[in-house]
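The sequence and structure are shown first.

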Amino acid sequence: MIRVSGLYKKYDHAEFPSVDHLSFSFPEGCIAGLLGPNGAGKTTTISILSGLIKKYSGEVEVMGMDVKKHAEEIKGKLGIVPQQIALYLNLSCRENLRYYGRLYGIPPITLGPLIEQLLKRFGLQEHGDKQIRHYSGGMKRRANIIASLLNQPALLILDEPTAGVDVQSRNMILRFLKEYNEEGNSILYTSHLLDEAEALCQEVLIIDQGQGVIQGSPAKLIQEHQTDNLENLFLKLTGFRVRD
Amino acid sequence: MKRIWATYIKEWHLMRRDLGGLSLLFLMPVLLISIMALVQDAPFKDYKNRKFEALIFDQDQGKISQAIQKGLEESGQFTLIRQHQNQALDSMTILSEIKAGKYQLAIMIPKGVSSEIYNSANLIANEMGKHMGIPGSLPHREAREGINIQIVFDPVSKPAFRIAIVNALEKFTTRVQFDIIMDRISALSGQADTSKKLDIEKQLRSVGVKEMQLHQQSSGIEKSNSVQHNVPAWAIFGMFFMVIIISENMIAERKGGSWNRLKSIPGPFFHLLMGKMLFYVLLGCVQFALMVLVGVYAMPLLGLDALQLGQAALFLPFIVISIASCATAFGILVGTVFKTTSQALPVAAVSVVILSAIGGIWVPLEVLPDSLKVLSVLSPMRWSLEGINTLLLRQGSLSDLLMPVSVLMLLSAAAMWMAWYTERKQSGLV
Ligand SMILES: Nc1ncnc2c1ncn2[C@@H]1O[C@H](COP(=O)(O)OP(=O)(O)O)[C@@H](O)[C@H]1O
Ligand SMILES: [Mg+2]
């Protein structure tokens, strides 16, 4: 579903590249984890995959299409859940979803039921008319995910969807990701919670300072490097230096 | 079209919950209009419409002083005060009263003014008689120097006011002198028959100077008054305050990540800008309409004139839409260029105030110094006000609107292009 080779990105005025000759690929239909410490370049990589950052070098293919050439087509099939709550805080959840849904060109007849079904799936049906600013952190995260599911994306990319979320919300989100994957969709998500990734992902890529460190299935990697879990492997590979 | 409409609806939901923004857009201009119209009411008022109290100190008690007092009273603009605290006036009290600012002017007619005028009239009549071969001589003596009617003005009174009063008094005295001369000439020639005398008054006015009104037939709006200037001016100012609301919204959109979400949805981004534009242009029109209502119905409640619209007001939508587009485009530009509200807000507020100042919003353009008049060409507010004045004051036609409307549309297009270019630059497309 994703093929990246020689990806390089240096922001204007930045001293070091944020993504430095990164190459990797994830197979179709899996839950993949893009892992790394703060500032490793996860968000930058995801932004390039979803077409938000257009100035980079290297080759990036998403769902078999070159990101630069088929940006619009990819956008239609992709769902991206940003790290921030990318919703209008003064609008209710339903108003937000209706707006984004209409921008996708979904006709009102199908949009209404779709929104209700998604709200129900994430336990927000009762709170659909509340303004987002009155939501708790976990509710905001769930609403943020719903907004990225309106076009029923074949590939869902999530940037730290479980960061700072209470246990119940987190559990609901992770269960959803599994189900959504079982429905035949691919998922790429970033996290720095390694036990979570270990349990969820069929395939992980660990990056540090913009460079790829290691890729493979969690179980295989743990076995190969003779550690007990992904976290120890991660520390072993990326070192103990504290990141800013 | 659906995307534009959806964005329009979204902006509406956001706006109706933004009480601060709504009061900035609606309450503030209403307050500004009312206060400014009241404050500027006096300076805008013609002296014609005001009544002054004038002190009269008449030591002459002759024909000339009667004529002056009659003339002033007949003009209807002066109340003549001849006594102070039931005492006859004297020059000391007059000077102290004027100094204290209690009266705008005092007229002091010294003893001997009438006799001096008779004397000089006799002199002139004798001289004229000689030329016409009429014998005889009227009694006269050498003219005395230095007998003048004196006027004292309140030091704060304006030069135009002083000139008007001096002119009026000179006119009265000349008329009296002329009257006397004619009398003397008839006396010389032995024709005492006054019934055949020319109506001097009338003859002197046979050629006069009269102000012509530009729009007598249409609606009787001739001159800018405080309401006529301040209502459109501050309505425009209020419309440009949208710059603050729009840029604030756009920056919040970007910071919150909605911007990126919008960009990750397929379809031209320009639709979203159009939806935004449509909403704010309509909002601007509603704003203006409200201000017009305030002008027409609320101004009289404050004791001011009502805003006069006239027939040309039918064309107001053309100029109002252009003004609103320009304000919106400017807001979108500010919201695109700046990354934080702490940068954008001061820039937006200060630039709106400055552009208004050089655009003739605070005081009419004519009053500005020449250097600023040149600069005003750059201010969208100048063209906005010009367009509205064309309709409301000059009763202009659609073709008179061409210039202001095109300039405003050009400025809007330029701002939108700059916003679009900045946006593309930021996402690494250029
Ligand atoms: N817009 C930007 N301009 C300059 N530098 C940036 C920008 N965004 C991120 N960076 C830098 O790029 C590096 C990678 O950032 P990011 O991709 O956000 O990392 P992660 O998501 O893994 O925490 C960091 O060092 C960060 O400071
Ligand atoms: Mg990140």
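## Metal site

The magnesium ion (ligand 2) is coordinated at 2.0 to 2.7 Å by A:Thr43 through OG1 and by A:Gln83 through OE1. Donors are N, O and S atoms within 2.8 Å of the metal (3.2 Å for Na, K and Ca), and water is not among the atoms, so sites may look incomplete. The two residues are 40 apart and link distant parts of the chain: A:Thr43 belongs to helix H1 (residues 42-49) of chain A, while A:Gln83 sits in the loop between strand S6 (78-81) and helix H3 (93-103) of chain A. Helices (H or I, at least four residues) and strands (E, at least two) are DSSP runs, numbered from the N terminus.

A:Thr43 is partly exposed, with a relative accessible area of 36%, and A:Gln83 is partly exposed at 35%. Buried means under 20% relative accessible area, exposed over 50%, and partly exposed in between (1.4 Å probe, protein chains only).

## Basis of the model

This is a predicted model in which local features need pLDDT of at least 70 and side-chain atom pairs count only at pLDDT 80 or more, while totals for chains, interfaces and linings use all residues. Residues are numbered from 1 along each chain as its sequence is written, chains are lettered from A and ligands numbered from 1 in the order in which they are written, and side-chain values use heavy atoms, with hydrogens and water left out.

## Ligand 1

The residues around ligand 1 (a heavy atom within 4 Å) include A:Tyr11, A:Ser18, A:Lys42 and A:Thr43. Polar contacts are pairs of N or O atoms within 3.5 Å. A polar side-chain atom of A:Thr44 lies 2.5 Å from an oxygen atom of ligand 1. Taken alone, ligand 1 exposes 560 Å², and the protein buries 57% of that (Shrake-Rupley method, 1.4 Å probe).

## Helix H3 of chain A

Nine of the eleven residues of H3(A) are buried, among them A:Cys93, A:Arg94 and A:Leu103. The buried residues pack against helix H4 (108-121) and helix H5 (137-146) of chain A, together with helix H1 (2-16), helix H11 (258-263) and helix H12 (269-298) of chain B. A:Gly105, which follows H3(A), has a positive phi near 85°.

## Chain B

Chain B has 17 helices and six strands, and 47% of its 430 residues are buried. An automatic or database domain assignment divides chain B into domain 1 (2-43 + 225-426) and domain 2 (46-204).

Conventions
A polar contact is a pair of N or O atoms within 3.5 Å; within protein, one must be able to donate a hydrogen and the other to accept it, and residues adjacent in sequence count only if both atoms are side-chain atoms. Contact means heavy atoms within 4.5 Å.
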